[in-house]
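Student: I have a new structure open and would like to talk it through with you. Could we take it one topic at a time?

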Amino acid sequence: MEHLQGVFFERTAELIAAGHRLYQRGWLPATSGNLSARLDHRRFAITVSGTHKGTLTDQDIMAVNEKGHALEPGMRPSAETLLHVALYLADPEVGAVLHVHSPSATVLSLATPGERVRLSGFELIKAFPGHTSHDEVLEVPIFDNDQHIPRLVEAVNARAGGTPAVPGYLIRGHGLYAWGPDVARTMHYLEAFDFLFNCQLQLGASQP
Ligand SMILES: [Zn+2]
């Protein structure tokens, strides 16, 4: 871990800043959500279980291995750490995973039956890699919520091979997982998802 110390401090600072911003937006209420970033090919920095993301300090970020186990004794990672680790192991390009309990993700995933949200017609679809036109369809997978996290990991891996084409998936009535090459890019994706989910909800509400 010693040679990772510099990387750990950098990623920790980014995760703390992200936590504060995401909390201010109302996407991480009441200690919910968890935020992580890659340290190397099998070690990751992640928020400690039960931390309030509006007041994160460097004491609230810990390092885990590829099994989701703490590298330092006495630290307890979030139960959802395994979902983060699964994304890192599925794709070496994933550098950060941010999980939020935003109202738009929570409500849209409950209001949408089936296994995916289909978004089309919105200019902001172009915020996602590989999408060059508002005409394209952005399909965001939805997984049913499950308090048994290893089973949820299995469901995600089975359906999408770990990482769907879109850098995010919804858990019904629960929230959104988004990932990207680094924390900054993943923050952009979270903002784009939130904008699109809100637009979709407003369209749904205006249907006769
Ligand atoms: Zn959660």
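Student: Which element gives the most to the lining of the largest pocket?

Tutor: Helix 1 gives the most, with four residues. Helices here are DSSP runs of H or I with at least four residues, strands are runs of E with at least two, and both are numbered from the N terminus. This is a predicted model, where local features need pLDDT of at least 70 and side-chain atom pairs count only at pLDDT 80 or more, while totals for chains, interfaces and linings use all residues. Residues are numbered from 1 along each chain as its sequence is written, and side-chain values use heavy atoms, with hydrogens and water left out.

Student: Which residues lie nearest the centre of that largest pocket?

Tutor: Of the 12 residues that line the largest pocket, F8, D58, I61, E72 and M75 lie nearest its centre. The elements giving two or more residues to this lining are helix 1 and strand 3 (61-65). A pocket is an open set of points on a 1 Å grid over the protein atoms alone, where a 1.4 Å probe fits, with protein on both sides within 12 Å along at least five of seven lines, and lining residues have an atom within 4 Å of a point.

Student: Back to helix 1, which of its residues are buried?

Tutor: They are F8, R11, T12, L15, I16, A18, G19 and L22, where buried means under 20% relative accessible area, exposed over 50% and partly exposed in between, with a 1.4 Å probe and protein chains only.

Student: Now the zinc ion: what coordinates it?

Tutor: The zinc ion is coordinated by E80 through OE and by H99, H101 and H174 through NE2, at 2.1 to 2.6 Å. Donors are N, O and S atoms within 2.8 Å of the metal (3.2 Å for Na, K and Ca), and water is not among the atoms, so sites may look incomplete. Along the chain, the spacing of the donors is E-x18-H-x1-H-x72-H.

Student: Are E80 and H101 buried or partly exposed?

Tutor: E80 is buried, at a relative accessible area of 12%, whereas H101 is partly exposed, at 22%.

Student: What about A30, what is its phi?

Tutor: A30 has a positive phi of about 55 degrees although it is not a glycine. Most residues other than glycine have a negative phi. A30 sits in the loop between helix 1 and strand 1 (34-40), and with a relative accessible area of 62% A30 is exposed.
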